[in-house]
Amino acid sequence: MMMQIRPAGPTALLVELADLDEVLALSAEVARRRAGGWAPELVDVVPGGRTLLLDGLADPAAVADQLAGWTVPPVPATAGELVEIACCYDGPDLADVAEQWGTTPEEVGQRHASMPHTVAFCGFSPGFAYLAGLDAAHAVSRRRTPRTMVPAGSVAVGGPYTGIYPRPSPGGWQLIGRTDAVLWDTDRDPAALLRPGCRVRFVPVSSVEQP
Amino acid sequence: MTGTGRRIIVRRPGALTTVQDGGRPGLAHLGVPRSGALDRAAHARANRLVGNAPSMPVLETTLDGVSLRFTAGAVVAVTGAVAPVHIDGRPAGWSEPLPVGAGQTLEVGRAVRGVRSYVAVGGGVLVPSVLGSSSRDVLSGLGPAPLAAGDELGIGAHHGRFVPVDLAPYPLPPDGTAELVLWPGPRHDWLSDAGAATLAAGRWTVSPDSNRVALRLVGPPVQRSRHDELPSEGIVLGSVQSLPDGGLVVFLADHPTTGGYPVVAVVDPPSLDACAQARPGTVVSFRLR
């Protein structure tokens, strides 16, 4: 694993990696070592598309030296918790996505559900997960005009990612379906249904309850 | 914290007054901002003056203060932005412990220097917590809503020893100019040599659309040598992003947890307190470590 370690201020390191698999592998290794008492002062471990941020380190330079000596085993494809998301593929942008994929609106849902997805990272709003899984041929452009309000539970695609809106919010991604899964619940532990490393399978259904 | 039946009734909420404590660190991987008091030194000092633990919940005002009636006696202190303080119309001290009697009203006026005043109450402001914090996060809407007229807030019971300090040393908020100390950010190498020189020598002006999410700075474009699209990456508190239009954004407590613009520098934690208190129009320069 080639790590490019970049300082991020006085207490953090941003580790740049080759791809998502390496991000998840390093993230798992950090979690293992933290469980064994490594870097107890560490506050946040934040995956990105190709990076892992370690924030809250007492001595980032010393940790950078340690990281360079780590052997990081790859994460098996079946390692992450599997979450099934019931999805009714009836989104208003199915036709646009079908055109970009060179298929029919009816086929979009089947194709999307047939692909295995993995939570790469979270952001945008609490519980909003960026799901990797669309291959290069299925990456989609964003809407030219973002919607001012996207309903909670909307399943959307943007670039190489799928996302599900945990709460109503503005959004520029293409809406392909809806789910009644509760993505975010502060009374649940963990509050986020989808966490980095989770595997996600979309299950097509003909209807869902309004969340 | 446990309640005491003592209450605070909001008479005038001010432009934006929120409850803030130490925030929600450790949840950034779920997309949850850290939140918490923006001027952390002033927050801790207000608590110290009334004998609270430094991270207890306090009120954070924005520019025009707040007016609060107390149903029972309490000890309060106002720190952060310098503002006139009155109790039942009588002038009272700023940045010192003040006894407020039952039925009396504490008035924190418009800030004369700085942006955010902190009002600590002995025992702490008692509101429901979300994910371990009472802080209002304006980006994601977590935590109790900003104060509204007529709201009632609880006052916690004191635990442990009550050791108020009469005098707590403090730096005053910036007045017109602020020099922020910067560390190199993870994408410092995305700046051209000219861009790095501009960052070191330039002057920026605080924009009025600054808020708890970010201090927005208008000034000379900071030239980059790279313009690729960056996959989203984790962002630390104090990250300085270079935007495509040349502006700079300094991320404060309610910042998004990931972002796609290059972070060219990171503000030294003590300088974040100056960011919290820099009014629109303040001229900002940087000193690189």
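1. **Confidence.** The model is predicted, not experimental. The predictor gives the complex an ipTM of 0.94 and a pTM of 0.94. For chain B, the average pLDDT is 94. In that chain, 96% of the residues score at least 70. Where pLDDT is low, predicted coordinates should not be read in detail.

2. **Overall form of chain B.** Chain B contains three helices and 21 strands. Its C-alpha trace spans about 65 × 40 × 35 Å along the principal axes. The radius of gyration is 20 Å. A compact globule of 289 residues would have a value near 19 Å, so chain B agrees with that expectation.

3. **Domains of chain B.** Chain B is divided into domain 1, residues 3–156, and domain 2, residues 177–288. Taken over C-alpha atoms, the centres of these two domains of chain B are 28 Å apart.

4. **Contact between the domains.** In chain B, 21 residues of domain 1 are in contact with 15 residues of domain 2. Which elements of domain 1 of chain B give two or more residues to this side? They are helix H1 (40–49), strand S5 (74–82) and strand S10 (113–121) of chain B. The domain 1 side of this contact in chain B divides into 10 nonpolar, six polar and five charged residues.

5. **Contact between the chains.** Here 27 residues of chain B are in contact with 32 residues of chain A. On the side of chain B that touches chain A, strand S13 (177–184), strand S16 (233–234) and strand S20 (263–267) of chain B each supply at least two residues. That side of chain B has 15 nonpolar, 10 polar and two charged residues.

6. **A helix pair in chain A.** Two packed helices are described by the angle and the distance between their axes. In chain A, the axes of helix H3 (residues 94–101) and helix H4 (residues 105–114) come within 8 Å. They cross at roughly 75 degrees. An angle of 65 to 115 degrees counts as roughly perpendicular, and H3(A) and H4(A) are therefore roughly perpendicular to each other.

7. **Residues in that helix contact.** H3(A) brings A:Leu94, A:Ala95, A:Val97, A:Ala98 and A:Trp101. H4(A) meets them with A:Pro105, A:Glu107, A:Val108 and A:Arg111. By class, the contact of H3(A) with H4(A) has seven nonpolar residues, two charged residues and no polar ones.

How values were computed: Residues numbered from 1 in each chain as written. Chains lettered and ligands numbered in written order. Predicted model: local features only at pLDDT ≥ 70, side-chain atom pairs only at ≥ 80, totals over all residues. Contact = placed C-beta atoms within 7 Å. Helix = DSSP H or I, 4+ residues; strand = E, 2+ residues; numbered from the N terminus. Nonpolar A, V, L, I, M, F, W, Y, C, P; charged D, E, K, R; others polar. Domains from an automatic or database assignment. Axes fitted to C-alpha atoms, helices over the stretch in contact; angles between N-to-C directions. Parallel < 35°, antiparallel > 145°, perpendicular 65-115°, else oblique. pLDDT = per-residue confidence, 0-100. Rg over C-alpha atoms; globule rule 2.2 N^0.38 Å.
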